[in-house]
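Here is a short note to read beside the model. Keep the 3D view open and check each point as you go.

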Amino acid sequence: MKTTINGLNINYIDEGQGQLLVLLHGWGSNIELFSGIINFVKSKYHVVAMDMPGFGKSDEPLEPMNVDDFVNFVLEFIKELYPQEKEIIFLGHSMGGRIIIKLASGIHDGRIKACFTIPKVILTDAAGVLPVKTEAQKKRTRRYKFYKNLLTKTGIAKAFPGSLDKLQKKFGSADYAAASPVMRQSLVKVVNEDLVPYMKSVTMPALLIWGDKDTATPLSDGQTMEREMPEAGLAVINGVGHYSFLENPYLYNKILGSFLGISI
């Protein structure tokens, strides 16, 4: 399905009936990866998932977006398509978890409470805890800054505009290298925000589902969230990584179903 939000063409899925459950995907992902979850929960819930701006089949944003910008996009999406909903459950994977933490923390309550409440949330291998850099990573960052300063101060960057971009691709992550210029700037804004200070304000029941082999958002992140969020409970799936819902869908759905009242 297609809709237009803030001038952008947005691709989304809308299936099932019941209480609204909104799914938010991770960076570099799209709604197609949620097909297993959607097929499971739609027997009891009205489930909606949208490709975020710049992902899947949705348009790229015109300007870089930070976490709050993505939150505002989700709120605009709901306001446009589901203004009658009074209670909405959110499930987020990776970056989608970042958005939910901000949504559920109360920072946007001025806009949310006038429309709907959030009775519970599900965070799956969610992002939001800044990683502690290893010595190798710190050394790599220092090398990047050295070369960046060299290109800038010598005038090479001005003479060859693509030189800085090539340098950033060389030293950046795979996600950074694969992204367009506007999405690279968005990625930098998103990943550099520490959301731990907001977690104590996520006071509704929060189910945390994590793969113990996750290297993108390690299990220690889930343990931090469980500790910081007053009503959070952590369920660990052994032997799976960052995409726990794809790697062990049966156990994932069993845990999710217990939280949402769906039998498997």
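1. Start with the source. This is a predicted model. Residue numbers count from 1 along the chain.

2. Now the overall make-up. The protein contains 13 helices and eight strands. It has 264 residues, and 48% of them count as buried.

3. Next, contacts along the chain. Take the contacts in the protein with a separation of 6 or more: 76% of them link residues 24 or more positions apart.

4. The protein exposes about 12700 Å². Carbon and sulfur atoms supply 53% of that area.

5. Go to strand β1, residues 2-5. Which of its side chains are buried? T3 and I5 are buried, and they point to one face.

6. Follow β1 to its partner. Strand β2 covers residues 8-15 and runs antiparallel to β1, with four bridges joining them. The hairpin has two residues between the strands. There, N6 takes a positive phi near 55°.

7. Finish at the surface. Y250, L251 and I264 form a nonpolar patch, with about 300 Å² of accessible area together. Y250 belongs to helix α13, residues 249-260. Is Y250 buried or exposed? Y250 counts as exposed because its relative accessible area is 52%, and the cut-off for exposed is over 50%.

Technical notes: This is a predicted model: local features need pLDDT of at least 70, side-chain atom pairs count only at pLDDT 80 or more; totals for chains, interfaces and linings use all residues. Side-chain values use heavy atoms; hydrogens and water are left out. Buried means under 20% relative accessible area, exposed over 50%, partly exposed in between (1.4 Å probe, protein chains only). Contact means heavy atoms within 4.5 Å. Accessible areas come from the Shrake-Rupley method with a 1.4 Å probe; for residues, only the protein chains shown count as cover. Patches are made of residues with over 30% relative accessible area and no salt bridge: like charges are joined within 9 Å, nonpolar side chains (Val, Leu, Ile, Met, Phe, Trp, Tyr) within 5 Å. A salt bridge is a side-chain nitrogen of Lys or Arg within 4 Å of a carboxyl oxygen of Asp or Glu. Two strands pair if DSSP finds at least two bridges between them.
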